[in-house]
Amino acid sequence: LLIENELLPNLFVEATEIRVVNQGGSRSALVQNTGGGTINWTATTPDSWISLVENSGINTGLLNFNTSLNPNPTETRSGVIYVEGNGQSDTLIVLQGEFDLVGSVTILNEIGLCLYPNPAVDQITISSKISLSFRSIKIYDLSGREMNVPIFNGVQGSAVVMVNKLSSGIYFVKIDTGEQEYTARFVKN
């Protein structure tokens, strides 16, 4: 049997490791299918301090999870989330400790809206400490040209923007909540 130019399904988690702060909170990771066909995936974790918000999806989508407060803030704890689908699997390591989310940019303190990491390599996360809805999120280069990048809404008040295809440089993110607009600058390495 000869199969020409047919991409086989390929399941993987975009990030291999996510660092979370001791206070806990909501986070997201991108699960992708880089081949043809459909992959239905499911995520599981044996770690009681990690709870999955949405533990299954189809093809490209977000894996949303929460972490609880670290009872021993002087020690880093690690956990794992397993993603499986169509006979394939991948693993996401979750580290919780006294991490400064490197280069996090606080956009507005009252609602805790922030963007991290900055500088970014593959993705940026936009999150807030209250449940916000994002009407739109747009990325612009220095000349004001809108960039075409994938954006995935996570749990209320969070989104992941894939910047891995952008050239190195300075960009702006414009966030519209329907009630107010916010703008922040970030660097893509």
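In the protein chain, residues 24 or more positions apart account for 56% of the contacts with a separation of 6 or more, where a contact means heavy atoms within 4.5 Å. The structure is a predicted model, in which local features need pLDDT of at least 70 and side-chain atom pairs count only at pLDDT 80 or more, while totals for chains, interfaces and linings use all residues. Residues are numbered from 1 along each chain as its sequence is written, and side-chain values use heavy atoms, with hydrogens and water left out.

The protein chain holds 0 helices and 18 strands; these elements are DSSP runs numbered from the N terminus, with helices (H or I) of at least four residues and strands (E) of at least two. Of the 189 residues in the protein chain, 43% are buried, that is, under 20% relative accessible area, against over 50% for exposed and partly exposed in between, with a 1.4 Å probe and protein chains only. The chain exposes about 10,100 Å², of which carbon and sulfur atoms supply 47%; accessible areas come from the Shrake-Rupley method with a 1.4 Å probe, and for residues only the protein chains shown count as cover.

An open sheet is formed by 5 strands in the order 2-9-8-4-6, and its pairing is mixed; two strands count as paired if DSSP finds at least two bridges between them. Strand 2 (17-21) and strand 6 (56-58) stand at the edges with a single partner strand each, so one side of each is left without a neighbour in the sheet. Neighbouring strands of this sheet are turned by 25° against each other on average, direction ignored, with axes taken as lines fitted to C-alpha atoms (for helices over the stretch in contact) and angles running from 0 to 180 degrees between N-to-C directions. Within this sheet, Gly79 has Val94 in strand 9 as its bridge partner.

A second open sheet, with antiparallel pairing, has 4 strands in the order 14-13-17-18. Strand 14 (146-147) and strand 18 are its edge strands, each pairing on one side only. Ile170 stands opposite Val187 in strand 18.

| Strand pair | Bridges |
|---|---|
| Strand 8 (residues 77-85) and strand 9 (residues 88-97) | 9 bridges |
| Strand 17 and strand 18 | 8 bridges |
| Strand 12 (residues 123-127) and strand 16 | 5 bridges |
| Strand 15 (residues 151-153) and strand 16 | 3 bridges |

Strand 17 and strand 18 also carry the 1 aromatic pair of the structure, where rings of Phe, Tyr and Trp (its six-membered ring) pair if their centres lie within 6.5 Å, and planes under 30 degrees apart count as stacked, over 60 as edge-to-face and the rest as tilted. Tyr171 and Phe186 form this stacked pair, at 5.9 Å centre to centre and with 25° between the planes. The pair links distant parts of the chain, since Tyr171 lies in strand 17 (residues 169-176) and Phe186 in strand 18 (residues 181-188), 15 residues apart. Tyr171 counts as buried at 7% relative accessibility, and Phe186 is buried as well, with a relative accessible area of 0%.

Strand 16 (residues 158-162) is mostly covered, with 5 of its 5 residues buried. Both of its faces are covered, with Ser158, Val160 and Met162 buried on one side and Ala159 and Val161 buried on the other. In a regular strand the side chains alternate between the two faces of the sheet. Val160 in strand 16 is the bridge partner of Thr125, and Val161 in strand 16 stands opposite Ile151.
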